[in-house]
Structure formats: structure tokens, C-alpha cells
Amino acid sequence: MSIPAGWQIDIGLEIHAQLNTRSKIFSGASTLFGQSPNSQACAIDLGMPGVLPSVNAEVFKKAVEFGLSIGAKINQESRFDRKNYFYPDLPKGYQITQMDHPIVLGGELNILTSDGTAKIIRVTRAHLEEDAGKSIHDFKPGLTGIDLNRAGTPLLEIVSEPDIKNAEEAVAYAKAIHQLLTYLEICDGNMAEGSLRFDANISVRRQDAEKLGTRSEIKNLNSFRFLEQAIHFETERQISVLEAGGTLVQDTRLFDPDRHETRSMRSKETATDYRYFPEPDLLPVMLTTEFIEEIQSSLPELPSKRAQRYQTAHELSTSDAALLSQDRRLGDYFDAVLTFSGNAKSAANWVRGDLLSKLKEHELSITACPISPKHLGEMIQLIDQGVISGKIAKEVFGALWSKQTESAGDYVRQNQLEQVSDASAIEPLVDALITENPKQAADLRAGKDKLLGFFVGKVMQATGGKANPQQVNDLIRQKLSEV
Amino acid sequence: MNDLVNEKTLVELSTLAALPFEPEKSKATLDALNEVLALVGQMQSLDISDVAPLAHPLERHQTLRADTVTEIIDASALSQNAPLYEAGLYFVPKVIE
Amino acid sequence: MNLNFATLTDLQKALRNRDVSATELTQHYLTRIDALDPALNSFISIQAEAALGAARRADERLARGDARPLTGIPIAQKDIFCLQGQRTTAGSKMLGNFIAPYTATCSEKLADAGAITLGKTNMDEFAMGSSNENSYFGAVHNPWDPKLIPGGSSGGSAAAVAAGLCAASTGTDTGGSIRQPAAMCGLTGLKPTYGRISRWGMIAFASSLDQAGPMTRTAQDAAILLEHMAGHDPRDSTSLNEPVPNFSEDIGKNIKGLRIGVCREFFTEGLDPAVERSIREALAVYESLGATLVDISLPHTPYSVSAYYVIAPAECSANLARLDGIRYGHRCLDPENLQDLYQRSRGEGFGEEVKKRILVGTFALSAGYFDAFYNRAQKIRRLIKEDFVKAFEQVDVIAGPTAPTPAFPLGEKASNPVEMYLQDIFTISASLAGVPAMSIPVEFANGLPVGLQLIGNYLQEGSLLQAAHQFQQETHWHTLTPPEAL
């Protein structure tokens, strides 16, 4: 969908990412998803009288990892505030969040726009807060049920500058954040379980206008598709209001994917004065320099750096480099195969080819891969050393996958799969073939090069694939030219 | 000092605080609020532009807890006071978003 | 031995010597509560059966010879401390039927030390009040004269100890709620340094001000109780990770050379001349004990009430938001919709004073007023703290009146909230700064108890208790008891 002529769009995203801690941000209750209602909500999560929050250290570690990864400033001292509003899924009547002193300030992320050029999206801030519970409708007529299992799950809210100019960029940015969070392994990235949710602040203005237009906030978009659709519908709505001579009011809206529209929220936002003030039950958090330095030094190589290394140091193609660097564990696996094989191109081919398709077929993640990088690396070495052919390698790979063997070398030895490179063993076979197939031999000699494959195939068949195809090739040509 | 709260602000404050606005009591409530705010208003005379606010009497820092699950949840004890509770859910009148 | 008004130290000895059993002692107080409390209304609930059960176990322990420090001592707890499986109301209709699923840390510590809880004492609703007239469960009467208020908000805890219905009690103090009722009932009451005692399980009024403490007959008893209430608690992030001194052993030291600051701002117009006379008399006793009086100023004291009545309501407006009739607490009948559920449940569940403070706090935090009210109050709070820091460079303890008047008649100030708020004019600044402070009985005024307030530096409860104890070695005001015929 293209933007109507004469208009430009400004979009800022607020991304709520659930941090994958074991316990909640302010209580020792479990964060497990999908449990029976209120079975994971302790007295603190329920907002019982007299209970108090205590702060999970891990959420700070994860927030700092994110901040350092986008080149942000880490506020060594950050503070919690109360954001006050009444809603049944908010048991205390306030959300504990970070208003004035967020843990992460600034930073930026690179995205690729639809025309393939790189663009920087600036991050304003990222702060820690607690998730709310869930409302369950339609369980009992006329009533809404409240499940507070999710209440208190740690959230990192990542707020961008309004640098995003269309829906495609918004999706590219959201995906880049998703990739980074999962790469850092601080969020499981499971969109279906709500681990990542988007609020989009959208405004439109005339092409020549300097100031941003009146914005609407579309809340709680839980998929990339909805994000994209909501932006399309909302910008269309805003432009049509303005083109009809109307004015917009700043509001909070919900996207209705069934009706293809956004509509103003009635219940939650009748009163928007959140009356933030410092959370008196918690003290300012002061992170030590050592804490931050330790995280800095243990930070994994980030996807963009990794891809760059694959291209420059290992001469992989752009697509191979991108594919192998997007998932941290896949990249780690590939790096290990590289170490054991010493052959980047071959390692890349095996990993992105046979290995990934096997994993996909069996619905396994790379961490559950039955072949260790060491064994795959050794197998590649056997190919490079000419001990086995590529064809035999497929069989060895299958044996490794099905755990028939631990070691490619042992398997090759035990099954006598070594490539036959001894010319004296192959020569008689070639001679016999030429004699048995005089027409094909004549045609090949006359320049029908396609027939070379016929002869090589026959030799390979006769040797059970163990002959060295290149050597067979040479030998056939040599024999034919002799006659 | 002029009254800081009038009937319109009282309605807004009541909404924010989820308290009922009772027109028959509004005069008494307004008087009571404005009386307190006048008392509180005495602090407006101090020049404190250079002073940093003090939210916690002890200027200390937060200790952080290890990320372990420590709560054993006894749902029946925690829900025993619930006015309307069924199948593990707390119920409210239908919420329209 | 007169069990009615025995001190903790007397009772510890009597129990160990088997002069009295824990069961006899517990039964003795329960009988007195039955007889006398209808006129006082100091208890909201009595746990007779649980208390007698605990007393039997205490007797077994005493017989085995492995008594803990408070084994067999019957106390009362302000109904703001959650006790697992027991009703905890905070003096409110809102929590009229609330059964706590957990126990407050400091209550648990007292139980671990062997104390027996007789029942939960009456209080101003959510600890908001200075006269105990704001309780949903009715006003408490002062044992010295039932026509008078006992002070608040820990009025029930004060009246129960003063009337000899228990050996000691727990209270909470946000702006004076332990010290002022202690003064009006002739007791020793201590608000420790903010963070000394865990707030876990104590229903919050204003989180950055609330502090639990003991209400007892003597400074020695306060020291004993404090030792068993204090200590770091990982469940309360604001609880201090500091060792708890052996207060009761340290109080015997003489106070020669103790520098007592006499704060000018505590002797203001509103101070009842009779109260002032009693305070000056007490200061003279200190001089006779070898202490030096130093004239000091805490210049921002006059602003403390203003700052307090912004900060405390602001915090309470958020703290009481959880009371929405959904998971627990009062819920209105047949709510039409969500807003109706909220507004009617809260409207019916909260008393007028609570609603007023919620509205004041909501106002102070609202857009456009935040800087002029909330933020300004927190700035004044820093100035008040700095006043104390400077003063404690010069003196060890600061002394003055606890309250401007002795106990006043029930209903007298109910219609004059500002006058009621000024009851806490001398106690609030220590709460805002978070320093420890206590009240001890001094010479009576017109037959009514008067409290001397002693304020100490951070974590210096020991100096306060020592100063209080030495005073009580020289005077008899703390030994006076109300007329038995109530």
C-alpha cells in the first residue's frame, strides 16, 4: 500500500518484550506460560494488603545486555515509579515502571528498507516494568474473569523515536528488535504467547509540514501482520479525516483485525492522568561498574558483526552470511564446524543445506541437533582430504544423524567407504566399459560430452560410489584419446 | 488562597480515585479538601528551587534478589476472601474495551 | 505481684520462677478484657482460643526449661499486622472480613520469640487519624478518662496496655501514631529508624513513612520488644540491613554528658502551657542526671505538617487503590458495570477521612499540581532531614513535647480537621526524616498523662532507650496506672 501523494507518516513504536526470567520481576512466583488461572499469582502479584515488591536481579542483567547491544547509555542509577490507573487486570491499581530514570537511554538499530537501503532507527529509551494480568471474556455471561498469572512478568519496554516512515519500515524495525532480543536470548520471542507486543504511535502530516501531526496510539498489536495492517488502516483514517477538512484528537485506539479498522478505546483511557511518582516501596537501583563491564565482556558477537566476519574473513556469500548469523546458536554451531573442518564454504553448504533441512523435517532446534559440530567438521575434513566422495558423505551424514555412529572416520573405515583413488583399481573397469559400450564411446569421442556422465556414473555404480569422480573423469578421457 | 478544588475538579479527582461523586455531599467535601489544601499551601512560601526532592528518608540503594522461584502458591488461601471467584478466576462486570 | 500492670521484665521473671503460668497469665488478661474492654473498645478481635493454645505450649516450654525471651508473654497487636488465618481489618469496613493468608514479619518474629497474641487492637481506619475516632469499629476510650480520646492511630494498642489488658502491644507510626497515643495514655512508645522493622505484612498507609514499633510501660520493655521486632527482611526492600544491637542490655549506662537538644520550634504558640511546664520539668530532671541542655533550631519544622499532608495522602492514594472489591475486601451489591463496582465498593468500604486523604493525594499528584505539591513537599522533606543531620552534629538526642495537649474529649476536634492534624505537629518531622523517636510519660498535667518526645540520630534507638530508661529510674510517672473503676 503506498502513501497518498502529498502526505508523510511518522511512526514511533513502543515494544513490550517479556524478559525470559524464571521468576517475576517483583515476586518469586513462576513466569511459566499456559498454567491454570491464578495458579502462578502469589500474594504480591495479587496485590494483597501489606505485601511488598522485591527486585529480580536478572531483569537488570537482561536490560543492560539489550542496551549495550544497541549502543545505548546505561543509567547506572535507575528508579521505579508508580503509574496509577484502575483496571481489573492491574491488581494494585498502579503499575510499577520506570518513568524518569529508565535503565536504558538512547541507542539505535539498523533496518533495511523496502528498496534495500540501510536506515537507522533511533531508540529513545528502554525501561523495566511489570506486565498486567489477562481478562477472560465469554466464560460467564455478563462477566469478565481475571487471571493474574501474567501479572508481574518482567517487561522491557523499548520506545523508538518517530523515525519510522511507513508500515514496511515499522515491520522491519519490529523484526529487527525481535531478532536481537531472541539472539541475546533475553526474550523467547514467542508472538503467539504474547512475548512481544507493539503499541504504534502514528501521525500524518502534509509533505511540506514541519511539525508532527496529532497522533493516535494503537495499543496491543501482537503480530507483525497486525502491526502492518493497523498502520495502513490508521493512516488511511487520519488522512481521510484531514482531507475532509476535519481535525484529529490525540487518542488511544484498538485495532480490530476482523473489521479492518481501529477504534477509540472507551474504558481504559477515560482518565489519562497517570500521576506518576517514585515507588516508595523500592529504592533506587545502583548498578556497579563491574556489573556492567562483566555484561559487556560476555556479550555475544552481534548478528551484524557476525555476518560481516563471515563475508570478509570467510568469503561467504551475503545470503549465507545473513542466514548463518541470524540465530545465535546456529551461528555458534557453524563457528564450531568451521573450527573442526577448516573449510568455511563447505561448512556453510552442509549447515544451511542438509543440516537445516533435516532439522526442519524433524522440527528440531539447532541446540537439539543430534550431530555435534565436531563430527560434522571431521566429515568435511574427510571430503577435503579425498578420503570420501561427496556422495559417500551424504551416507555418512545420514549415519551421523541417526546416531549409527559417533565418528565419521570410524564409520567410513568400518564400512570400507574410502574413496578408491588407486588408478590401477579403476582402469580395468573403464577399459571394460569402453569395450561394452562402443557406440557411446564413439559418440563421446566425437564430442558428445554429455556422455561423460554416463561413463562416470557406471564406474561409480560399479565401485559403490567409492571412486573419485574427478579421477574417473580424467581416466575416461585419457583412455578414449589413447585409442 | 483561592479554593483549589471546585466541583468540576472534584468530579475529575473522584474519577481518578475511583470514588463516587456524591452531589449532595460535594459542598462538605469541597470545604474539607480546600481546608487541607490551604494548610498544605503554607509550604508555597519557601524558596526551594535548588533543593532535590527526597523520596526515601534513607538514601540507600536497592538490593536485588536472585532469579529463583520461591513462592509456593496456595490458591485456596489466596482466593478465600474473593467476593466472586470461580474456576480460578476473579470476576468483574463485563469489561468493554 | 499485681499482674495487671506488671512489666515485661517482671513477667519474664515470674514465668521462669513458675510464680505464674503462661496459661494463668493469659487467662488473667482475657478475663480483664471481657470485663473492661466493652467500655474501652480497644480490641477489634480477641483470639482467646489461639492464645490459650499458645499459652499451653509456652508452659510446656517453660517446664522443659527452654523458654525463649518472650515465652508466655501475652501481647496485643494493632489490627494492621496480618496474622495468617486471622481477620485483619486495618480498622476499615473495606477489610472487615479479610482473613490474612500470611503473617507480618515482625509479628512472626515476636511469635518466634515466644510472645502470645491475645487479639488485634482498634485503630483509626488505615492508620489515618490522631484520635482513634476514625475506626469503622467505633472509637476507643482513654483508660484515664473514658470521655477522652486515647490518641491515634494506634489508640487501641495504647488503651489496652494502659488499662492492663495485656503486657505490651505493637503499633505503627506514620506521623506520630505510636508516640502521640503513648503520650496520651501514659506509655512508653517507640518509632524506630525507618527501615529498622520490616513492613512486610503490615497494611500500608504511607510506605515511605510507616514504621512499626513497641508500646510498653517502660523503656526497658520497649528495648526488649524492639529487639524481637527489628532486623533485616529480604521481603521488604526498604528494611535496613544493619545488625540489631542488644538494646535491653545497653540501657543501663548513665547519661552523664549526654547532650540534649532543646528545639525552639517545639515550643510554639499552640503548646498547652501545662504541657510545657511538664516538659521543662522533665528537662530539669535530665540536667540533674548530668545531661547538658543545648538550645537548637530545626528551622523547617513549621513546614512539616504541610509536607506530611501532601506526601502521606499521595502515597496512600496509590496504596489504597488495590482495595477494589475484586480479589478481596468489600464489594458492593449488584454492580451495574465496572465503574460502578469500583466506585460503590470503595465509596461504601472507606470512611470519610480515608476518602478525603485519597482525594487530597490524588490532587497532589495530578497533572499541573505535581510540582507545586508533591515535588515541593519532597523538597521540604530533604530540608527537614538536613535540619536533623546538622542538629545531630551538635547533640545526641533532641527533646520536646510529643503532642501539644493532653488527651481531649471525644468528638471535640472531629469537626475541625486542621486542629486534629496539628496534633502531630511535633512528631511529623522525625517521620519525614526517618529518624527514631519515642515518647515517655513525664509529670501529669491536670491529672492526665503528658509525653516527652526524644528524637535520636539514624539507628540510635539505643541512645533514646538509654535516655528514657535513666529518666524512668529517677521518676515514677511511668508507674502510674489509671483508676480501676472505668
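This is a predicted model: local features need pLDDT of at least 70, side-chain atom pairs count only at pLDDT 80 or more; totals for chains, interfaces and linings use all residues.
**Two chains side by side**

Let's start with chain C. Its secondary structure comes to 16 helices and eleven strands. The radius of gyration of chain C is 21 Å, close to the 23 Å that the globule rule gives for 486 residues, so chain C is as compact as a globular protein of that length.

Now for chain A, which has 15 helices and 18 strands. Here the radius of gyration is 31 Å, well over the 23 Å from the globule rule for 483 residues, so chain A is more spread out than a compact globule.

The table puts some other values for these chains next to each other.

| Chain | Span of the C-alpha trace along the principal axes | Buried residues | Contacts joining residues at least 24 apart, among those between residues at least 6 apart in sequence |
|---|---|---|---|
| Chain C | about 65 × 55 × 45 Å | 67% of 486 residues | 76% |
| Chain A | about 95 × 55 × 50 Å | 44% of 483 residues | 69% |

**What sits in the cores**

In soluble globular proteins, nonpolar side chains tend to be buried together. In this model, the largest nonpolar core has 258 residues.

Take A:A200 as an example. Leaving out residues up to four places away in sequence, A:A200 touches A:I11, A:L13, A:A170, A:I218, A:L221, A:L227, A:A230 and A:I231.

Back in chain A, find helix α1 (residues 57-69) and helix α4 (residues 289-298). They pack at an angle of about 60°, and their axes are 10 Å apart. That angle makes α1(A) oblique to α4(A). As for handedness, the crossing of α1(A) and α4(A) is right-handed.

Which residues meet where these helices pack? From α1(A) come A:K61, A:V64, A:E65 and A:L68, and on the α4(A) side they meet A:I292, A:I295 and A:Q296.

Two residues in chain A have a positive phi although neither is a glycine: A:D138, at about 65°, and A:N220, at about 60°.

Where does each one sit? A:D138 is in the loop between β10 (134-136) and β11 (143-147) of chain A, whereas A:N220 lies in strand β14 (residues 216-221) of chain A.

Are they buried or exposed? A:D138 has 9 C-beta neighbours inside 10 Å, so A:D138 counts as exposed; the cut-off for that is 12 or fewer. A:N220 has 15 such neighbours inside 10 Å, and therefore counts as partly exposed.

Finally, hop over to chain C for a cis peptide bond. This bond joins C:G152 and C:S153, with omega at about 5°. You can find C:S153 in the loop between β3 (116-121) and α5 (155-162) of chain C.

Key:
Residues are numbered from 1 along each chain as its sequence is written. Chains are lettered from A and ligands numbered from 1 in the order in which they are written. A nonpolar core is a set of buried Ala, Val, Leu, Ile, Met, Phe, Trp, Tyr and Cys residues joined through C-beta atoms within 7 Å. A residue is buried if 20 or more other C-beta atoms lie within 10 Å of its own, exposed if 12 or fewer, and partly exposed in between; C-beta atoms are placed from the backbone. Two residues are in contact if their C-beta atoms, placed from the backbone, lie within 7 Å. Helices (H or I, at least four residues) and strands (E, at least two) are DSSP runs, numbered from the N terminus. The radius of gyration is taken over C-alpha atoms; the globule rule is 2.2 Å times the number of residues to the power 0.38. Axes are lines fitted to C-alpha atoms, for helices over the stretch in contact, and angles run from 0 to 180 degrees between N-to-C directions. Angles under 35 degrees count as roughly parallel, over 145 as roughly antiparallel, 65 to 115 as roughly perpendicular and the rest as oblique. A crossing is left-handed if the near helix is turned anticlockwise from the far one by less than a right angle, and right-handed if clockwise.
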